[in-house]
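Have a look at the sequence and the model below, and then we'll visit a few spots one by one.

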Amino acid sequence: MTPLVPVLLRRIAADGPLSVAQFMAECLLHPEHGYYTTRDPLGAAGDFTTAPEISQMFGELVGLALAQAWLDQGRPAPFALAEPGPGRGTLMADMLRATAGVPGFHAAAQVRLIEASPTLRARQRATLAAHDVTWHDTLDALPQMPLFLVANEFFDALPIRQFRRAPDGWSEIRVAARDGALLFAAAPPVPQTALAHRLRDTRPGDIVELCPSAAAAVQAIAARIQTHGGAAIIIDYGDWRSLGDTLQAVRGHASEPVLANPGQADLTAHVDFEALSAAAAPARVTPMTAQGVFLARLGIAERARLLARAMTGAALDQHHAAFQRLTDPGEMGSLFKTIAIHPQGAPAPPGYDP
Ligand code: SAH
(Lines give C-alpha, C1' and ligand atoms only; values in the text may rest on other atoms or scores of the structure.)
Protein backbone atom coordinates (compact mmCIF):
# COMPACT_ATOMS: atom_id res chain seq x y z
CA MET A 1 0.00 0.00 0.00
CA THR A 2 1.41 3.44 -0.91
CA PRO A 3 1.62 6.13 1.84
CA LEU A 4 -1.16 8.09 0.10
CA VAL A 5 -3.73 5.27 0.47
CA PRO A 6 -4.41 5.79 4.24
CA VAL A 7 -4.72 9.54 3.56
CA LEU A 8 -7.34 8.87 0.86
CA LEU A 9 -9.18 6.30 3.04
CA ARG A 10 -9.42 8.82 5.93
CA ARG A 11 -10.74 11.50 3.59
CA ILE A 12 -13.36 9.12 2.14
CA ALA A 13 -14.41 8.03 5.66
CA ALA A 14 -14.89 11.69 6.64
CA ASP A 15 -16.42 13.18 3.46
CA GLY A 16 -17.67 10.26 1.37
CA PRO A 17 -16.45 9.07 -2.06
CA LEU A 18 -14.10 11.34 -4.04
CA SER A 19 -14.70 12.50 -7.58
CA VAL A 20 -12.07 11.23 -10.02
CA ALA A 21 -10.84 14.85 -10.16
CA GLN A 22 -10.34 15.00 -6.39
CA PHE A 23 -8.59 11.63 -6.46
CA MET A 24 -6.34 12.72 -9.36
CA ALA A 25 -5.45 16.03 -7.68
CA GLU A 26 -4.41 14.22 -4.47
CA CYS A 27 -2.39 11.62 -6.37
CA LEU A 28 -0.50 14.17 -8.45
CA LEU A 29 -0.06 17.11 -6.10
CA HIS A 30 -0.57 16.04 -2.44
CA PRO A 31 2.07 18.15 -0.60
CA GLU A 32 3.83 15.12 0.97
CA HIS A 33 2.89 12.08 -1.10
CA GLY A 34 1.93 13.51 -4.50
CA TYR A 35 3.48 12.09 -7.65
CA TYR A 36 4.81 15.40 -9.05
CA THR A 37 5.52 16.90 -5.63
CA THR A 38 8.01 14.22 -4.69
CA ARG A 39 9.93 13.34 -7.86
CA ASP A 40 11.25 14.15 -11.31
CA PRO A 41 9.28 11.60 -13.35
CA LEU A 42 10.82 12.32 -16.76
CA GLY A 43 13.42 10.55 -18.83
CA ALA A 44 14.67 7.01 -19.36
CA ALA A 45 15.13 6.31 -15.65
CA GLY A 46 11.73 7.82 -14.81
CA ASP A 47 8.19 6.88 -15.70
CA PHE A 48 7.59 8.55 -19.05
CA THR A 49 9.26 10.81 -21.58
CA THR A 50 8.02 13.81 -23.54
CA ALA A 51 8.73 15.43 -26.90
CA PRO A 52 11.28 18.01 -25.63
CA GLU A 53 13.14 15.22 -23.80
CA ILE A 54 13.24 13.17 -27.02
CA SER A 55 14.88 15.83 -29.20
CA GLN A 56 16.06 19.45 -29.03
CA MET A 57 14.30 19.99 -32.41
CA PHE A 58 10.88 20.12 -30.73
CA GLY A 59 11.64 23.15 -28.53
CA GLU A 60 13.64 24.87 -31.27
CA LEU A 61 10.76 24.76 -33.76
CA VAL A 62 8.08 25.71 -31.23
CA GLY A 63 10.25 28.60 -29.99
CA LEU A 64 10.75 29.92 -33.50
CA ALA A 65 7.00 29.62 -34.23
CA LEU A 66 6.28 31.79 -31.17
CA ALA A 67 9.01 34.25 -32.19
CA GLN A 68 7.42 34.52 -35.67
CA ALA A 69 4.05 35.32 -34.04
CA TRP A 70 5.84 37.99 -31.95
CA LEU A 71 7.38 39.52 -35.10
CA ASP A 72 3.99 39.39 -36.90
CA GLN A 73 2.42 41.35 -34.04
CA GLY A 74 4.98 44.18 -34.25
CA ARG A 75 7.46 43.00 -31.57
CA PRO A 76 5.50 44.00 -28.45
CA ALA A 77 7.80 44.80 -25.49
CA PRO A 78 7.88 43.77 -22.74
CA PHE A 79 6.05 40.44 -23.02
CA ALA A 80 5.70 37.27 -20.95
CA LEU A 81 7.32 34.17 -22.42
CA ALA A 82 5.44 31.59 -20.38
CA GLU A 83 5.10 27.87 -19.90
CA PRO A 84 2.76 25.99 -17.56
CA GLY A 85 4.00 22.55 -16.45
CA PRO A 86 7.59 22.96 -17.71
CA GLY A 87 8.87 19.58 -16.43
CA ARG A 88 12.69 19.74 -16.42
CA GLY A 89 12.79 23.13 -18.17
CA THR A 90 14.15 21.51 -21.34
CA LEU A 91 11.53 22.94 -23.71
CA MET A 92 12.04 26.51 -22.43
CA ALA A 93 15.84 26.12 -22.63
CA ASP A 94 15.62 24.91 -26.26
CA MET A 95 13.22 27.74 -27.16
CA LEU A 96 15.56 30.33 -25.64
CA ARG A 97 18.60 28.93 -27.43
CA ALA A 98 16.81 28.85 -30.80
CA THR A 99 15.44 32.39 -30.47
CA ALA A 100 18.69 34.01 -29.28
CA GLY A 101 19.25 35.22 -32.85
CA VAL A 102 15.84 36.93 -33.20
CA PRO A 103 16.71 40.63 -32.71
CA GLY A 104 15.01 42.13 -29.64
CA PHE A 105 13.18 38.93 -28.62
CA HIS A 106 15.22 38.11 -25.51
CA ALA A 107 15.47 41.74 -24.43
CA ALA A 108 11.65 42.01 -24.45
CA ALA A 109 10.92 38.57 -22.93
CA GLN A 110 10.13 37.97 -19.25
CA VAL A 111 10.36 34.21 -18.67
CA ARG A 112 7.46 33.01 -16.50
CA LEU A 113 7.00 29.39 -15.44
CA ILE A 114 3.84 28.04 -13.83
CA GLU A 115 4.79 24.99 -11.79
CA ALA A 116 3.07 23.31 -8.84
CA SER A 117 5.88 20.93 -7.86
CA PRO A 118 8.77 22.19 -5.68
CA THR A 119 10.93 19.28 -6.88
CA LEU A 120 10.46 20.22 -10.54
CA ARG A 121 10.90 23.94 -9.80
CA ALA A 122 14.38 23.13 -8.47
CA ARG A 123 15.11 21.12 -11.60
CA GLN A 124 13.93 24.01 -13.82
CA ARG A 125 16.06 26.48 -11.86
CA ALA A 126 19.13 24.35 -12.63
CA THR A 127 18.30 23.92 -16.34
CA LEU A 128 17.60 27.64 -16.80
CA ALA A 129 20.37 28.96 -14.51
CA ALA A 130 21.61 31.28 -17.27
CA HIS A 131 18.24 33.06 -17.49
CA ASP A 132 16.18 35.35 -15.30
CA VAL A 133 13.05 33.31 -14.47
CA THR A 134 9.95 34.03 -12.37
CA TRP A 135 7.74 31.19 -11.09
CA HIS A 136 3.99 31.38 -10.47
CA ASP A 137 1.60 28.94 -8.78
CA THR A 138 -1.26 29.45 -11.25
CA LEU A 139 -1.92 30.92 -14.70
CA ASP A 140 -4.13 33.57 -13.08
CA ALA A 141 -0.99 35.02 -11.51
CA LEU A 142 0.55 35.86 -14.92
CA PRO A 143 0.94 39.62 -15.38
CA GLN A 144 -1.41 41.57 -17.65
CA MET A 145 0.86 41.98 -20.70
CA PRO A 146 1.35 40.38 -24.13
CA LEU A 147 1.63 36.63 -23.60
CA PHE A 148 3.54 34.16 -25.76
CA LEU A 149 3.00 30.73 -24.20
CA VAL A 150 3.67 27.05 -24.83
CA ALA A 151 2.02 24.16 -23.00
CA ASN A 152 3.24 20.64 -23.78
CA GLU A 153 1.67 17.76 -21.87
CA PHE A 154 0.32 20.18 -19.24
CA PHE A 155 -3.42 19.83 -19.89
CA ASP A 156 -3.33 16.00 -19.73
CA ALA A 157 -2.22 16.27 -16.08
CA LEU A 158 -5.21 18.39 -15.02
CA PRO A 159 -7.85 16.52 -12.99
CA ILE A 160 -10.91 15.22 -14.86
CA ARG A 161 -14.38 14.19 -13.71
CA GLN A 162 -15.95 11.12 -15.30
CA PHE A 163 -19.65 10.50 -15.93
CA ARG A 164 -21.47 7.42 -17.19
CA ARG A 165 -24.57 8.15 -19.25
CA ALA A 166 -27.83 6.87 -17.72
CA PRO A 167 -31.10 6.94 -19.74
CA ASP A 168 -31.83 10.55 -18.75
CA GLY A 169 -28.95 11.73 -16.58
CA TRP A 170 -25.36 11.07 -15.63
CA SER A 171 -23.79 8.90 -12.91
CA GLU A 172 -20.56 10.41 -11.69
CA ILE A 173 -17.82 7.82 -11.31
CA ARG A 174 -16.18 8.18 -7.93
CA VAL A 175 -13.46 6.60 -5.84
CA ALA A 176 -14.93 4.88 -2.79
CA ALA A 177 -13.60 2.50 -0.12
CA ARG A 178 -14.57 -1.01 0.93
CA ASP A 179 -12.74 -3.18 3.48
CA GLY A 180 -9.78 -0.83 3.54
CA ALA A 181 -9.32 -0.82 -0.25
CA LEU A 182 -10.11 1.76 -2.93
CA LEU A 183 -12.58 0.99 -5.70
CA PHE A 184 -14.55 2.82 -8.38
CA ALA A 185 -18.27 3.30 -7.67
CA ALA A 186 -20.92 5.17 -9.67
CA ALA A 187 -23.14 7.74 -7.92
CA PRO A 188 -26.90 7.75 -8.58
CA PRO A 189 -27.71 9.48 -11.91
CA VAL A 190 -28.60 13.18 -11.91
CA PRO A 191 -28.92 15.74 -14.75
CA GLN A 192 -25.68 17.64 -15.52
CA THR A 193 -26.10 21.04 -17.13
CA ALA A 194 -22.48 21.00 -18.34
CA LEU A 195 -23.24 17.80 -20.29
CA ALA A 196 -26.63 18.76 -21.76
CA HIS A 197 -25.13 18.90 -25.27
CA ARG A 198 -23.71 15.38 -24.90
CA LEU A 199 -27.16 13.78 -24.58
CA ARG A 200 -27.35 14.01 -28.40
CA ASP A 201 -24.16 12.13 -29.29
CA THR A 202 -23.95 9.53 -26.52
CA ARG A 203 -25.92 6.44 -25.50
CA PRO A 204 -26.64 4.96 -22.06
CA GLY A 205 -23.47 3.32 -20.74
CA ASP A 206 -21.09 5.72 -22.53
CA ILE A 207 -18.48 7.55 -20.44
CA VAL A 208 -17.63 11.20 -20.98
CA GLU A 209 -15.01 13.31 -19.21
CA LEU A 210 -14.97 16.94 -18.13
CA CYS A 211 -11.88 18.90 -17.14
CA PRO A 212 -13.10 22.00 -15.27
CA SER A 213 -9.61 23.36 -14.53
CA ALA A 214 -8.62 23.12 -18.22
CA ALA A 215 -11.39 25.52 -19.23
CA ALA A 216 -10.32 27.92 -16.47
CA ALA A 217 -6.66 27.70 -17.57
CA VAL A 218 -7.53 28.45 -21.22
CA GLN A 219 -9.67 31.41 -20.16
CA ALA A 220 -6.77 32.93 -18.19
CA ILE A 221 -4.47 32.51 -21.23
CA ALA A 222 -6.93 33.61 -23.92
CA ALA A 223 -8.14 36.71 -22.05
CA ARG A 224 -4.56 38.04 -21.88
CA ILE A 225 -3.91 37.23 -25.53
CA GLN A 226 -7.11 38.91 -26.72
CA THR A 227 -6.54 42.02 -24.55
CA HIS A 228 -2.76 42.52 -24.79
CA GLY A 229 -1.72 40.41 -27.81
CA GLY A 230 0.29 37.22 -27.94
CA ALA A 231 -0.13 33.57 -28.91
CA ALA A 232 -0.40 30.21 -27.16
CA ILE A 233 0.72 26.89 -28.62
CA ILE A 234 -0.94 23.95 -26.86
CA ILE A 235 0.29 20.42 -27.59
CA ASP A 236 -1.04 17.27 -25.98
CA TYR A 237 -2.44 13.86 -26.61
CA GLY A 238 -6.17 13.66 -27.10
CA ASP A 239 -8.77 14.51 -29.70
CA TRP A 240 -11.75 16.64 -30.67
CA ARG A 241 -14.45 15.90 -28.01
CA SER A 242 -14.08 13.35 -25.23
CA LEU A 243 -15.66 9.94 -25.41
CA GLY A 244 -14.80 6.95 -23.27
CA ASP A 245 -12.65 6.36 -20.22
CA THR A 246 -9.19 7.75 -21.05
CA LEU A 247 -7.76 7.96 -17.51
CA GLN A 248 -4.48 6.07 -17.36
CA ALA A 249 -1.72 5.36 -14.88
CA VAL A 250 1.89 4.96 -16.05
CA ARG A 251 4.84 3.84 -13.93
CA GLY A 252 8.27 2.85 -15.21
CA HIS A 253 7.17 3.37 -18.87
CA ALA A 254 4.34 0.79 -18.47
CA SER A 255 0.66 1.30 -17.84
CA GLU A 256 -0.99 -0.13 -14.74
CA PRO A 257 -4.43 -0.04 -13.08
CA VAL A 258 -5.36 3.49 -11.98
CA LEU A 259 -5.95 2.52 -8.32
CA ALA A 260 -2.86 0.28 -8.02
CA ASN A 261 -0.28 2.77 -6.65
CA PRO A 262 -1.84 6.14 -5.79
CA GLY A 263 0.82 8.87 -5.68
CA GLN A 264 3.49 6.69 -7.30
CA ALA A 265 2.20 6.50 -10.88
CA ASP A 266 1.63 9.31 -13.35
CA LEU A 267 -2.08 9.87 -14.00
CA THR A 268 -3.24 11.52 -17.23
CA ALA A 269 -6.34 11.73 -19.38
CA HIS A 270 -6.85 12.60 -23.04
CA VAL A 271 -7.28 16.31 -23.72
CA ASP A 272 -10.60 17.40 -25.23
CA PHE A 273 -9.52 20.01 -27.81
CA GLU A 274 -13.11 20.97 -28.55
CA ALA A 275 -13.55 22.02 -24.91
CA LEU A 276 -10.22 23.93 -24.92
CA SER A 277 -11.16 25.72 -28.16
CA ALA A 278 -14.61 26.68 -26.84
CA ALA A 279 -13.07 28.18 -23.68
CA ALA A 280 -10.75 30.49 -25.69
CA ALA A 281 -13.49 32.79 -27.06
CA PRO A 282 -13.39 35.64 -27.94
CA ALA A 283 -9.75 34.98 -28.91
CA ARG A 284 -9.27 32.96 -32.12
CA VAL A 285 -8.25 29.30 -32.26
CA THR A 286 -6.57 27.50 -35.17
CA PRO A 287 -7.83 24.19 -36.57
CA MET A 288 -6.61 21.21 -34.53
CA THR A 289 -3.49 19.86 -36.25
CA ALA A 290 -1.59 16.60 -35.76
CA GLN A 291 1.85 17.04 -34.16
CA GLY A 292 3.60 15.31 -37.08
CA VAL A 293 1.98 17.64 -39.61
CA PHE A 294 2.71 20.71 -37.46
CA LEU A 295 6.41 19.85 -37.06
CA ALA A 296 6.72 19.04 -40.78
CA ARG A 297 5.30 22.45 -41.71
CA LEU A 298 7.76 24.13 -39.34
CA GLY A 299 10.64 22.42 -41.15
CA ILE A 300 11.64 19.54 -38.88
CA ALA A 301 12.98 17.50 -41.83
CA GLU A 302 15.38 20.31 -42.82
CA ARG A 303 16.46 20.85 -39.22
CA ALA A 304 16.99 17.10 -38.75
CA ARG A 305 19.21 16.94 -41.87
CA LEU A 306 21.30 19.88 -40.71
CA LEU A 307 21.87 18.37 -37.24
CA ALA A 308 22.61 14.95 -38.77
CA ARG A 309 25.62 16.35 -40.68
CA ALA A 310 27.61 16.64 -37.45
CA MET A 311 26.63 13.15 -36.20
CA THR A 312 27.88 9.59 -36.66
CA GLY A 313 27.27 6.13 -35.19
CA ALA A 314 24.96 5.72 -32.20
CA ALA A 315 24.24 9.45 -31.95
CA LEU A 316 23.04 9.50 -35.57
CA ASP A 317 20.86 6.40 -35.04
CA GLN A 318 19.34 8.00 -31.97
CA HIS A 319 18.70 11.23 -33.87
CA HIS A 320 16.87 9.35 -36.65
CA ALA A 321 14.81 7.45 -34.08
CA ALA A 322 13.88 10.71 -32.32
CA PHE A 323 12.72 12.25 -35.61
CA GLN A 324 10.56 9.16 -36.27
CA ARG A 325 9.15 9.16 -32.78
CA LEU A 326 8.07 12.83 -32.90
CA THR A 327 6.57 12.77 -36.39
CA ASP A 328 5.50 9.25 -37.42
CA PRO A 329 1.71 8.70 -37.39
CA GLY A 330 2.31 5.33 -35.71
CA GLU A 331 4.22 7.02 -32.87
CA MET A 332 3.54 10.54 -31.48
CA GLY A 333 2.78 12.11 -34.88
CA SER A 334 -0.98 11.68 -34.88
CA LEU A 335 -1.90 10.79 -31.27
CA PHE A 336 -0.58 14.22 -30.26
CA LYS A 337 -2.47 17.26 -31.51
CA THR A 338 -1.95 20.98 -31.35
CA ILE A 339 -4.00 24.16 -31.47
CA ALA A 340 -2.87 27.76 -31.19
CA ILE A 341 -4.74 30.68 -29.63
CA HIS A 342 -4.18 34.12 -31.15
CA PRO A 343 -5.96 37.49 -31.02
CA GLN A 344 -8.71 38.41 -33.46
CA GLY A 345 -7.07 40.39 -36.23
CA ALA A 346 -3.56 38.87 -35.86
CA PRO A 347 -2.34 35.91 -37.90
CA ALA A 348 -1.98 32.47 -36.32
CA PRO A 349 1.58 31.26 -35.59
CA PRO A 350 3.09 29.30 -38.49
CA GLY A 351 2.40 25.56 -38.72
CA TYR A 352 -1.39 25.56 -38.65
CA ASP A 353 -2.33 26.74 -42.14
CA PRO A 354 -2.72 24.15 -44.87
N1 SAH B 1 6.00 20.14 -20.35
C2 SAH B 1 6.98 19.22 -19.84
C3 SAH B 1 6.50 18.35 -18.66
C4 SAH B 1 5.17 17.67 -18.74
S5 SAH B 1 4.82 16.78 -17.24
C6 SAH B 1 7.54 18.38 -20.95
O7 SAH B 1 7.00 18.45 -22.06
O8 SAH B 1 8.52 17.68 -20.75
C9 SAH B 1 3.59 17.80 -16.47
C10 SAH B 1 4.11 19.04 -15.82
O11 SAH B 1 2.99 19.79 -15.31
C12 SAH B 1 5.02 18.85 -14.62
O13 SAH B 1 5.98 19.88 -14.62
C14 SAH B 1 4.05 18.98 -13.45
O15 SAH B 1 4.67 19.24 -12.22
C16 SAH B 1 3.20 20.12 -13.93
N17 SAH B 1 1.86 20.24 -13.34
C18 SAH B 1 0.93 19.28 -13.19
N19 SAH B 1 -0.21 19.79 -12.66
C20 SAH B 1 0.01 21.11 -12.51
C21 SAH B 1 -0.78 22.21 -12.01
N22 SAH B 1 -2.03 22.01 -11.60
N23 SAH B 1 -0.24 23.45 -12.00
C24 SAH B 1 1.03 23.65 -12.44
N25 SAH B 1 1.82 22.67 -12.91
C26 SAH B 1 1.33 21.42 -12.93
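Let's start with alanine 108, which touches Trp70, Pro76, Ala77, Pro78 and Phe79, leaving aside residues up to four places away in sequence. Keep in mind that this is a predicted model. Where does alanine 108 sit? Its place is in helix 7. Is alanine 108 buried or exposed? With 6% relative accessibility, alanine 108 counts as buried, since the cut-off for that label is under 20%. Another residue to look for from here is arginine 75: the C-alpha atoms of alanine 108 and arginine 75 are 8.3 Å apart in space, while the two residues are 33 apart in sequence.

Arginine 75 belongs to the loop between helix 5 and strand 2. Its backbone is worth a look, as phi is near 50°, a positive value in a residue that isn't glycine. As for the surface, arginine 75 counts as partly exposed, at 44% relative accessibility. Proline 78 is found in that loop too, between helix 5 (56–72) and strand 2. The peptide bond leading from alanine 77 to proline 78 is cis, and its omega is near -5°.

As background, most residues other than glycine have a negative phi, and most peptide bonds are trans. Each of those two backbone features turns up elsewhere in the chain as well. Arginine 241 isn't a glycine, yet it has a positive phi of about 80°. You'll find arginine 241 in the loop between strand 10 (230–239) and strand 11 (248–251), and with a relative accessible area of 30% it is partly exposed. A cis peptide bond also joins alanine 281 and proline 282, with omega about 10°. Proline 282 has its place in the loop between helix 10 (273–279) and strand 15 (284–285).

**Rings and charges**

Now for the aromatic side chains. How many aromatic pairs does a search of the whole structure find? It finds eight.

Tyrosine 35 and tyrosine 36 make another pair, with ring centres 5.3 Å apart. Their planes are at 70°, so the pair is edge-to-face. Both of these tyrosines are buried.

| Arginine | Ring | Distance to ring centre |
|---|---|---|
| Arginine 125 | Tryptophan 135 | 4.7 Å |
| Arginine 165 | Tryptophan 170 | 6.0 Å |

In the case of arginine 125, the charged end is the part that sits over the ring. Arginine 165 lies over the face of its tryptophan.

**Helices together and helices enclosed**

Two packed helices are described by the angle between their axes and the distance between the axes. Take helix 1 (residues 4–15) and helix 2 (residues 20–29): their axes come within 11 Å and cross at roughly 145°. The crossing of helix 1 past helix 2 is right-handed. Which residues make the contact? From helix 1 they are Leu4, Leu8 and Arg11, and from helix 2 they are Gln22, Phe23, Glu26 and Cys27. Sorted by class, the contact has four nonpolar, one polar and two charged residues.

Helix 6 (residues 90–99) is largely enclosed by the rest of the structure, because eight of its ten residues are buried. The buried residues of helix 6 are Thr90, Leu91, Met92, Ala93, Asp94, Met95, Leu96 and Thr99.

**Out at the surface**

To finish, look at arginine 200, which has its place in the loop between strand 8 (181–186) and strand 9 (207–210). At 72% relative accessibility, arginine 200 counts as exposed. From arginine 200 to glutamine 264 is 38 Å in space, C-alpha to C-alpha, and the two are 64 residues apart in sequence.

Methods:
Residues numbered from 1 in each chain as written. Heavy atoms only, no water. Axes fitted to C-alpha atoms, helices over the stretch in contact; angles between N-to-C directions. Helix = DSSP H or I, 4+ residues; strand = E, 2+ residues; numbered from the N terminus. Left-handed = near helix turned anticlockwise from the far one by under 90°. Contact = heavy atoms within 4.5 Å. Nonpolar A, V, L, I, M, F, W, Y, C, P; charged D, E, K, R; others polar. Phe/Tyr/Trp six-rings, centres within 6.5 Å; stacked < 30°, edge-to-face > 60°. Buried < 20%, exposed > 50% of the residue type's maximum accessible area, 1.4 Å probe, protein only. Lys NZ or Arg CZ within 6 Å of the ring centre and 35° of its normal.
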